[in-house]
Amino acid sequence: MTELRSILDEAVRQELILPEAGGRLLPFLMERGVAVVGGGAAEAQPAMEAEGQAWSDTETPSFVRGFHDVLITIGVVVALAGLWGLAALYAVLPAIILLSEILVRRQRLALPAVSLTIALFCWTFLLMSFFFKPGTSAFNNIGAEATQFIAGFPIILGLYYARYRVPLSLALCIMSALALVLTLLLRLMQWASGDPQFFSNHPLLFAVVFLVCALGLFATALYFDLGDRLRRTIRSDIAFWLHLGAAPALLFSVRLLMSFDGNLLDVAQAVSIKTPIIVISVAALMLIGLVIDRRAFVTSGLLSLGFAIYGIFRQGSATVDTYIFTTLIVVGAIVLIIGTGWMPLRRIVLRALPLVISQRLPPAVSGAVS
């Protein structure tokens, strides 16, 4: 996909095609299986024929393309930071739009597109914070301002995606839309109960609702992922960002379930088995990441794994320095084992799955894509 984009960018620079045509041609060609092979010619290949070729075991996001993009991104970040410090909030949005028109819509630069999307997300957060003040605690009375605060994100990010087709903007739009659904569900349940402090009195129910929404985010990521099992279209990039958000959401929901003294666990049990359950949850996420071939899904759970292992060693008699460095060694060893043995581990896992499932997942064949 990177080579095909480079060819179209070169065609734009030589004025063989218009910049707008290059932006529209890329997803059009990728959705039809056009790939760069051999000596650099673009050839359309059927999906089954392409699948028989060597498969790359490297999950490289398409926004990582070269130092040219890095240099431009540094300039974008520094310029926007300076403008943010000197000008009013409303002056930042025109700068983001102007840079997006030049760097994203015309030049199709991937990493600057990511940085501008993040800048727009931060701008939206500050704008919504200026008008609406949601409750600081998750268990406070969930009022209209919490819903109004979140409602601005899917609207603004959705409009940005419709204009510039940045995968991260659509992923953030989906995640914020699910967060809006979560607040609406909580408000509906709170209204039906007639208790303004319903979730303060029933925190376990809040955790269950949060878990359902986290599972919905993971299912949405799988929808995009399984629709592009060979990782050739923009759907794969959207799935990358969604998985990056789904894993911590799932872990957080598990931790919420363990933190309450409802019917699931009492306080003493929660204290005694909380850390091992976190370790088991992270191990389960790593297994899921292996199955779906998403290192991003595994990586986002490593921070929680580090805290969990830290908690295990802290229960012993070791000094602070000892269990900090031991935690670093254990987490580092896990990362190295999974990283170096990713494809062999995937082949073992896929062989254990039914054929009807493994055939819908990305193949686990070592090699490199031309």
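Start by selecting Asp 293 and Arg 231: their side chains meet in a salt bridge, with N to O at 3.9 Å. (A salt bridge here is a side-chain nitrogen of Lys or Arg within 4 Å of a carboxyl oxygen of Asp or Glu.) Asp 293 sits in the loop between α12 and α13, and Arg 231 in the loop between α10 and α11 (234–258), so the pair ties together parts that are 62 residues apart in sequence. Helices are DSSP runs of H or I with at least four residues, strands are runs of E with at least two, and both are numbered from the N terminus.

A quick note before the next click: this is a predicted model, where local features need pLDDT of at least 70 and side-chain atom pairs count only at pLDDT 80 or more, while totals for chains, interfaces and linings use all residues. Residues are numbered from 1 along each chain as its sequence is written, and side-chain values use heavy atoms, leaving out hydrogens and water.

Is Asp 293 buried or exposed? Asp 293 is buried, at a relative accessible area of 4%. (Buried means under 20% relative accessible area, exposed over 50%, and partly exposed in between, using a 1.4 Å probe and protein chains only.) Arg 231 counts as buried too, at 17%.

Asp 225 is buried, with a relative accessible area of 4%.

Arg 294 is buried, like Asp 225.

Which residues do you need to see the whole network around Asp 293 and Arg 231? Select Asp 225, Arg 231, Asp 293, Arg 294 and Arg 346: salt bridges that share partners join them into one network. The structure holds five salt bridges.

Next stop: the rings. Rings of Phe, Tyr and Trp (its six-membered ring) pair if their centres lie within 6.5 Å; planes under 30 degrees apart count as stacked, over 60 as edge-to-face and the rest as tilted. The count by this rule is nine aromatic pairs. Pick Tyr 223 and Phe 224: their centres are 5.5 Å apart and their planes at 80°, so the pair is edge-to-face. Tyr 223 is exposed, at 55% relative accessibility, whereas Phe 224 is buried, at 13%.

Stay on Tyr 223 and show Arg 235, which lies over the face of that ring, 5.0 Å from the ring centre. (For a charge to sit over a ring, NZ of Lys or CZ of Arg must be within 6 Å of the ring centre and within 35 degrees of the ring normal.) Then select Phe 121, Phe 125, Phe 149 and Phe 153, a cluster linked by ring pairs.

Last, turn to the surface. Tyr 90, Phe 130 and Phe 131 form a nonpolar patch there, with about 380 Å² of accessible area together. Phe 131 is in helix α6 (residues 110–131) and is partly exposed, at 45%. Zoom out, and you have a protein chain with 17 helices and two strands, in which 42% of the 370 residues count as buried.

How values were computed. Patches are made of residues with over 30% relative accessible area and no salt bridge: like charges are joined within 9 Å, nonpolar side chains (Val, Leu, Ile, Met, Phe, Trp, Tyr) within 5 Å. Accessible areas come from the Shrake-Rupley method with a 1.4 Å probe; for residues, only the protein chains shown count as cover.
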